[in-house]
Structures are given as structure tokens and as C-alpha cells.
Amino acid sequence: MANLVRTEPGVNDLFDFRRGFDDIFNRFLTGAAPISERGNRVLVAVPPIESWVDRENKKFHLSVALPGFDPKELQVELEGNNLTVSGEHEEKDEKKDADYLQQEFSYGRIERTIELPEGVDTSKVSAEYNNGVLEITAPLNEAALPKRIEVRPSSSSAKAKGASAGGAGASGGASS
């Protein structure tokens, strides 16, 4: 009576295969090590960014989150409209014998390339590191800023509207 559900041979293998596939897929997306290796591996992540256009000051802004980095560890390079932020961050504290339960701080080499939008004056790009965020700014050319264009009726559609309105009034007066 211990085995109430009959299983076909190979069904458990199928579920084991599915769990293994899910584990591989999750490790690929998150960069997490398998449970047996988690204490021995360092998680390396792509730094998140945020970019926007300040229309009032005519500037492009790019923020790159790089907590724990020293500005001396970072390089910013520009090639055409491609801006590359790279750096190498090493662990300061020697904890090689530590038995980690979780280790999510990023150590090692990071690199991210961002394509700057058209109209950014690449000759005046500046970078400043403050509180774990690399702030990159550059002025925008006037032509790169979005413009609002007024939509007005054409003169032919205005005449047609006036003619149909006038015609309706004239026929209404003739039938009274």
C-alpha cells in the first residue's frame, strides 16, 4: 500500500530531465551557479542603465549603476556613436576560506556598450562617478530635439466646408 500511484518506467527520468533543463535555463538567465558550486563562484552581472533627454537644458543623460567601484577602476571610451563603459573590480577583503551561503556581489570585469542617439555632440561627452552611479552627459544639437508641428487645415478643405455649410443654409431658407 506504500505505492498507491503506478508510474511508468521513464516518467521520473522525464521529470528529472525537465528539472535539469529548468536549472540550466535559470543559470543561463541569472548567472547563478548550480547549488553544488554556489560557494565557489562569483556572480558577474551586466550593469543596469538609464538614459533620457533633458529637453529644457538640451542634454543627453546616461546613468550606469556601478556600486562599489572606485573611479580609478572605470574606463569610458567613445568610438563613433558607441560609448563603452568597462572596468575591473576586485574583492578587497580576503574571504577565501569563508563558507558563503549566498554571494551576489559582482567582482571581476564588467563591460557595457551603449549606442548614443543621433544628435549627441560626442566631442563634449563628460563622465562623473558619484555614490555608485556613473553619470555621463553630453549636449544635444538643436536638430536632435523633438519638435511639435502644428497641423492646420488646407485651404481647399476650408473652402469645401464653407461651401457645404452655405449651401445648406440657402436651401433651408428657400423651402420655408
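User: What joins the side chains of arginine 109 and glutamate 111?

Analyst: This is a predicted model. In it, arginine 109 and glutamate 111 form a salt bridge, with 3.6 Å from N to O.

User: What makes the contact of arginine 109 and glutamate 111 a salt bridge?

Analyst: The cut-off for a nitrogen of Lys or Arg and a carboxyl oxygen of Asp or Glu is 4 Å. The N to O distance here is 3.6 Å, so the pair counts as a salt bridge. In general, side chains of opposite charge can pair when their charged atoms come close.

User: How many salt bridges does the structure hold?

Analyst: The structure holds 2. Aspartate 121 and lysine 124 form a salt bridge, with their closest N and O atoms 4.0 Å apart.

User: Why are arginine 109 and glutamate 111 called partly exposed?

Analyst: The class partly exposed lies between buried, under 20%, and exposed, over 50%. Arginine 109 has a relative accessibility of 45%, so it is partly exposed. Glutamate 111 has 48%, so it is put in that class too.

User: Is lysine 124 buried or exposed, and why?

Analyst: Lysine 124 has a relative accessibility of 52%. Exposed means over 50%, so lysine 124 counts as exposed.

User: Where is serine 86, and why does it count as buried?

Analyst: Serine 86 is in strand E4. Its relative accessibility is 5%, and the limit for buried is under 20%, so serine 86 is buried. Leaving out neighbours within four places in sequence, serine 86 is in contact with Glu73, Leu74, Gln75, Arg109, Ile110 and Glu111.

User: Why is glycine 87 called buried?

Analyst: Glycine 87 has 0% relative accessibility, which is under 20%, so the word buried applies. Glycine 87 also lies in strand E4. Residues up to four places away aside, glycine 87 touches Phe69, Glu73, Leu74, Gln75, Gly108, Arg109 and Ile110.

User: What separates the C-alpha atoms of glycine 87 and glutamate 111?

Analyst: The two C-alpha atoms are 6.6 Å apart, while the residues are 24 places apart along the chain. In strand E5, isoleucine 110 is the residue opposite glycine 87.

User: How do you know that E4 and E5 pair?

Analyst: Pairing requires at least two bridges between two strands. E4 and E5 have 8 bridges, so they count as a pair, and its sense is antiparallel. Strand E3 (residues 74-79) and strand E4 (residues 82-89) are joined by 6 bridges, so they also pair, again antiparallel.

User: Which residues touch the most other members of the largest nonpolar core?

Analyst: Leu62 and Leu66 do, in a core of 17 residues. Strand E2 (59-65), E4, E5 and E7 each give two or more residues to this core. Leucine 62 touches, among others, Ile49, Leu83, Ile114, Leu134 and Ile136.

User: How many helices and strands are there in the protein?

Analyst: There are 2 helices and 7 strands. Along the sequence the pattern reads α-β-β-β-β-β-β-β-α. Of the 176 residues in the protein, 20% are buried.

Terms used
Residues are numbered from 1 along each chain as its sequence is written. This is a predicted model: local features need pLDDT of at least 70, side-chain atom pairs count only at pLDDT 80 or more; totals for chains, interfaces and linings use all residues. Side-chain values use heavy atoms; hydrogens and water are left out. Helices (H or I, at least four residues) and strands (E, at least two) are DSSP runs, numbered from the N terminus. Buried means under 20% relative accessible area, exposed over 50%, partly exposed in between (1.4 Å probe, protein chains only). Contact means heavy atoms within 4.5 Å. A nonpolar core is a set of buried Ala, Val, Leu, Ile, Met, Phe, Trp, Tyr and Cys residues joined through side-chain atoms within 4.5 Å.
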